[in-house]
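Open your viewer and get ready to click from one selection to the next. We will walk through a few spots together.

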Amino acid sequence: MGRAFEYRKATKLKRWGHMAKTFTRLGKQIAIAVKSGGPEPENNPALRSVIAVCKRENMPKDNIERAIKNAMGKDQSEYKTMTYEGYGPHGIAIFVDTLTDNPTRTVADVRSIFNKFGGNMGTMGSLAFLFDHKCVFTFKKKADMDMDEFILEVIDLGVEDEYDEDEEEGTLTIYGEPTSYSSIQKYLEENGYEDVGGEFTYIPNDVKDVTAEQRETINKMVERMEEFDDVQTVYTNMKPEME
């Protein structure tokens, strides 16, 4: 497995928290997709992508339909994507992705957690050199698929030659530059790949070792951060515990 896949696999539960929080996160993403492209998945690539992720996370169909319907309401809040970054305890770099209808409230909440754990919230972009920002697509692998041929076809779209395969789920995960998101999704859908779900992620380009005691403190900070409804995902460059 590739470095990115192993990092995501080892940290997914810690970053995304409990199932209920995952549904809240995805519900907000549905709202943004609906507001930008309408409620019909067949006419809205962004919504199709989010719905594929929802299915992969076992979000019930009723929840998905309810989120789409709610997003069409006139009184729905407009969410903004905001990213905060800084150093937590023991020099661990932390990225916090949020979707918020009140940035003033959100930045105060995030800053309070940094302060509580003796961290220091920095300015936007100050830790960009520690993480690679990528778009990630997971989809069903076709039968008898030639991976070398596939990579040659998509590499010009900004897709990396490193990919990950989940044989149990029958899926492939590929990585690309964030600016290539739309072109990659279009290629996959036009070429008949199924359940195409796309996301954005931050992958540390160098992880930092910590002691068991330090890991416990950092995990507590991440968990406290995830308690806020505005927080979507928390990324760190702490070396994950591999199973």
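Select Phe 139 and Tyr 193: both are buried (under 20% relative accessible area with a 1.4 Å probe, protein chains only; exposed is over 50%, partly exposed in between). You are looking at a predicted model, where local features need pLDDT of at least 70, side-chain atom pairs count only at pLDDT 80 or more, and totals for chains, interfaces and linings use all residues. Residues are numbered from 1 along each chain as its sequence is written, and side-chain values use heavy atoms, leaving out hydrogens and water.

Their ring centres are 5.2 Å apart and the planes stand at 70°, so the pair is edge-to-face. Rings of Phe, Tyr and Trp (its six-membered ring) pair if their centres lie within 6.5 Å; planes under 30 degrees apart are stacked, over 60 edge-to-face, and the rest tilted. Phe 139 is in strand β4 and Tyr 193 in the loop between α7 (181–190) and β7 (197–204), so this pair ties together parts 54 residues apart in sequence. Helices (H or I, at least four residues) and strands (E, at least two) are DSSP runs, numbered from the N terminus.

With Phe 139 it forms a tilted pair, 6.0 Å centre to centre with 50° between the planes.

Finally, select Phe 95, Phe 131, Tyr 202 and Tyr 235, which form one aromatic cluster.
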